[in-house]
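Subject: The structure we talked about

Hi there,

Here is the structure I promised to pass on. Have a look around it, and then read on for what turned up.

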Amino acid sequence: MIRKAVGQAIREMGHQFVLGRTIDEAVKRGAKLAKLGYRFSYDMLGEAALTAGDARTYFDAYSAAIRDLGAVSTSQDIRENPGISVKLSALHPRYEFGQRERVLRELVASTRTLARQAAKAGMGFNIDAEEADRLDLSLDVIEAVLRDPDLAGWDGFGVVVQAYSKRAGPILDWLYTLTKSLDRRIMVRLVKGAYWDSEIKRAQVEGLAGFPVFTRKAATDASYILCARALLGMGDRIYAQFATHNAHTVAAIVEMAPDLQGFEFQRLQGMGETLHRLVLAREGTRCRIYAPVGTHRDLLAYLVRRLLENGANSSFVNQIVDEDVAPEQVAADPFSVIGDGELSASGAVLRPGDLYAERRNSRGWDLHERGDVEEITDARAGFQKAEWRAEAMIAGALAGGESVAVFNPADGSDQVGELRMACEQDAEEALACGRDWGEALPEDRANVLRQVADLYEENFGELFALLAREAGKTPADAISELREAVDFLRYYADEGQGLGQARLRGIIACISPWNFPLAIFTGQIAAALAAGNGVVAKPAEATSIVAWRAVNLFYQAGVPSDVLQFLPGRGAVIGARLSGDRRIAGVCFTGSTATAQAINRAMAKGMAPDAPLIAETGGLNAMIVDSTALPEQAIRDIIAGAFQSAGQRCSATRMLYLQEDIAEPFLNMLFGAMDELVVGDPWQFATDLGPVIDAAAKDGIEAHIEVARAQGRVMKRVVVPDGGSFVAPTVLRVSGIADLEREVFGPVLHVASFAAHELDDVVNAINATGFGLTFGMHSRIDDRVEQVTSRLNVGNIYINRNQIGAVVGSQPFGGEGMSGTGPKAGGPSYVARFTREEPIDCGSARGRFAAFDDVQVALDQAAKPQAKRLFVNSLPGPTGESNQLSVFGRGTVLCLGPTREAALEQQEIARANGCETVVVAEGSVLGDRLDYGHLGALFGFDLVALWAAPEDLYAACVALAGRDGRIIGLASGHELAAKCRLERHVCIDTTAAGGNARLLAEAG
């Protein structure tokens, strides 16, 4: 019943805004209006091509439409004939600046073929405007097609220009100059612009210097009038087509025009009928109707966009029917509205650099913009063949260990440099000579970290080159990594300054991974230093030169060399030494779950019991796509999540669940999109993904794929270059996430299908893995999203977007269970974990031991299926995105006193922070004390609270560290409240249904 009603409503709206399902139907339906003097420009509905097959389908549809329209193009005056609008993004699956050479080779050819067909038919042929990041490329294609000598003498080639673009005026000048040089006449359709909110969001997300569009509605209206005046002065070469529903704009054009027959107005099908009927009757101007053609399947995105645009309170169409809006406001002169204010500024729109209030956003580079690409090219040029010499940097004398040559994982003949490893003697010297940074004021430490951030941005060319050659990072990955590192520095500087003179811990060992050799390496160090600690940094062996260069920039900014020491070396030597030395006050680690567990055990035996392990580990990250998802959007996000960075992100999409209703066509589209991926040299701007980190990683991934191949489960692989450590992006069939025995750290996506009624079973299976890092879901049903997300034990959840690329301060990152200890990196609780609360010593436990079975029963009874939410914070971020950080109780706390008073206080703190409790302490029902050895075998608890003598804490730590699976912490003092809490973040793309209604409404 509901489906029928919704379907009928969509059909009714479709009938209003879409002229017909086919060209033939549209022509017949428009016949009555044609007799009244209206002409039509037909637009074939549909999304951009995602695959080569999509592009062929759209090409065939355009060609067929031109053929059909040619039959009714009977006038010698092309202005009297129908026209067609063509989207270049529909004719090529990789219509983007990075693929420029391919686009100019392939897209120009297909567009030229259609243009010749339209010229032969004597009809109009318009190139539609699209997003600003495609503008340069669009102009290249337009010029190449227009230069075709076969199109000489045809006046029907058209270009759409968007007045909200800050480049609209220069584009008109460029077009006019081009037509004069080619001795051609063209048509130009001037529109306000259709992607305003997405342009705002993209500029904010990418950290661009400004917006490509005006952010005030009045500024766009003023720009439109100025562009219209310019076009009216270009009538010898350009036939102007003014698409508008704004009566003031129409009146201005009529007033400015020297010849009312020298241009035409345009309106959208279903809109502006009264205005343009009056103008047609009173002024005798021409009017063309922009008429979408397509089936209901292709209607939704177009329909939502029209409704959002015209439902916004700043829209003329909205205001004209709103009786609360005065006529003077409806017809207001946009130049008067602007006044002396800044032309492009709107208070409702935050500039990209100002998203995070007082903290300056990291600088971005636009890889779709020629100037930024040239800037990167020039800045990297001197480092394309450079070789670096890196070694340990410590406060004492350096002994040094073995030297190893470092090679580019994409090209084994490209030597990046040489690394001299640290030896165990160097580690001992560093620990003996190192100190904390407590003598510096918090604001001074913060300012030094901000200076490091500035130096990172100033040295972007060298860092980009190193990330490409040592780590296999593409330009896009290098940009995002540098930006994350800069954001960490500035965010932790603010957090550390906000803590004031908190109690520092001492020297922190920071052990970082190779997959984010700059960002994670920097984030760990910055957080520890911001809290006043000293740092001994041990980078991954594979990417130690990147880390070495970063440390040099820390020194250049003013971090003392005995506060930050650099120890590159073998994990079995340096990592093991740092993990078990009592002079280390805590360890910050990012890497595998197994290594985190090994570090935890070493710390339990060698360090103080209150030394924290702040660990972020791996995950078996799943995404669910249901039958309501937008396939094109979901596939773009899956491609990014599974294959960007060659799948070498801990947050990457490893497991895809597809609702069985859509699985087959969805996979066909996914496989077609995978065929468009460019795997190759990460130095090149056209490359989508580079190599995995080394030959050993490649061999391990290929072995996993080979097992699947032998079982007939390989569904898709793409072609990769010979040489280098390249692994083909691969899709494997599985029955579910339980089939994944381990995290495969590479470009491998596992796929299973599910029935709609099995959704809860899928969630249970994801939770059963014990991992809880990231999760993604594509669905347009809010209740279904809530059904899933409310039951997941996952640290970071992403809805209707990809599940990688967490942003500091906006999407704090980190998992739970076997995916990490918390707190989240880039979040409000992180720096505080590097400060110290004194342990509380209530002596040793005495009295009767509790029976193991009795304690286990009590734990079973205390367990709750879902964590208790304590509060939610909304975090800043770009427009069109919701970022909610929720704090939950961690679960069940085992309160071990040892005294009755201590246990009661522990219980009170735990319950106040959303946790259940089981008490084993002096006078408790279960017993007066627990055999600490039982901590290694009991299950069902999430934290231990013990305020006891050092020897008791040591025994408890060793027992807890001996457990398999997730790491369970010990709270030995007043940090209990913080440790009782865990954080979960949910990020939702609120524009997934087609646009940002709130922003459109607010930005007048």
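To start with a question: does Phe265 count as buried or exposed, and at what relative accessibility? Phe265 counts as buried, because its relative accessibility is 0% and the cut-off for buried is under 20%. Please keep in mind that this is a predicted model.

Phe265 also has an aromatic partner, Phe263. Their rings sit 5.3 Å apart, centre to centre, with 85° between the planes, and the pair is edge-to-face. Phe263 is buried too, at 0% relative accessibility.

Next, find His276, which belongs to helix α12 (residues 273-283). This histidine counts as buried, with a relative accessibility of 1%. Leaving aside residues up to four places away in sequence, His276 touches Tyr38, Thr244, His245, Val250, Phe265, Gln266, Arg267 and Cys287. So you meet Phe265 again here, because Phe265 is among the residues that His276 touches.

Back to the rings. Searching the whole structure gives 17 aromatic pairs, and the pair of Phe263 and Phe265 described above is edge-to-face. Phe383 and Trp388, on the other hand, form a stacked pair, with 6.2 Å from centre to centre and 15° between the planes. How exposed are these two? Phe383 is partly exposed, at a relative accessible area of 24%, while Trp388 is buried, at 7%. There is also a cluster to look for: ring pairs link Phe488, Tyr491, Tyr492, Tyr830 and Phe834.

Finally, here is something on helices. Two packed helices are described by the angle and the distance between their axes. The crossing of α20 past α23 is left-handed.

Which residues make that contact? From α20 come Glu462, Leu463, Leu466, Leu467 and Glu470, and from α23 come Ser544, Ile545, Val546, Arg549 and Leu553. By type, the residues of this contact are six nonpolar, one polar and three charged.

Enjoy exploring, and write back with any questions.

Best wishes

Note on methods:
Residues are numbered from 1 along each chain as its sequence is written. This is a predicted model: local features need pLDDT of at least 70, side-chain atom pairs count only at pLDDT 80 or more; totals for chains, interfaces and linings use all residues. Side-chain values use heavy atoms; hydrogens and water are left out. A crossing is left-handed if the near helix is turned anticlockwise from the far one by less than a right angle, and right-handed if clockwise. Helices (H or I, at least four residues) and strands (E, at least two) are DSSP runs, numbered from the N terminus. Contact means heavy atoms within 4.5 Å. Ala, Val, Leu, Ile, Met, Phe, Trp, Tyr, Cys and Pro count as nonpolar, Asp, Glu, Lys and Arg as charged, and the others, Gly among them, as polar. Rings of Phe, Tyr and Trp (its six-membered ring) pair if their centres lie within 6.5 Å; planes under 30 degrees apart count as stacked, over 60 as edge-to-face and the rest as tilted. Buried means under 20% relative accessible area, exposed over 50%, partly exposed in between (1.4 Å probe, protein chains only).
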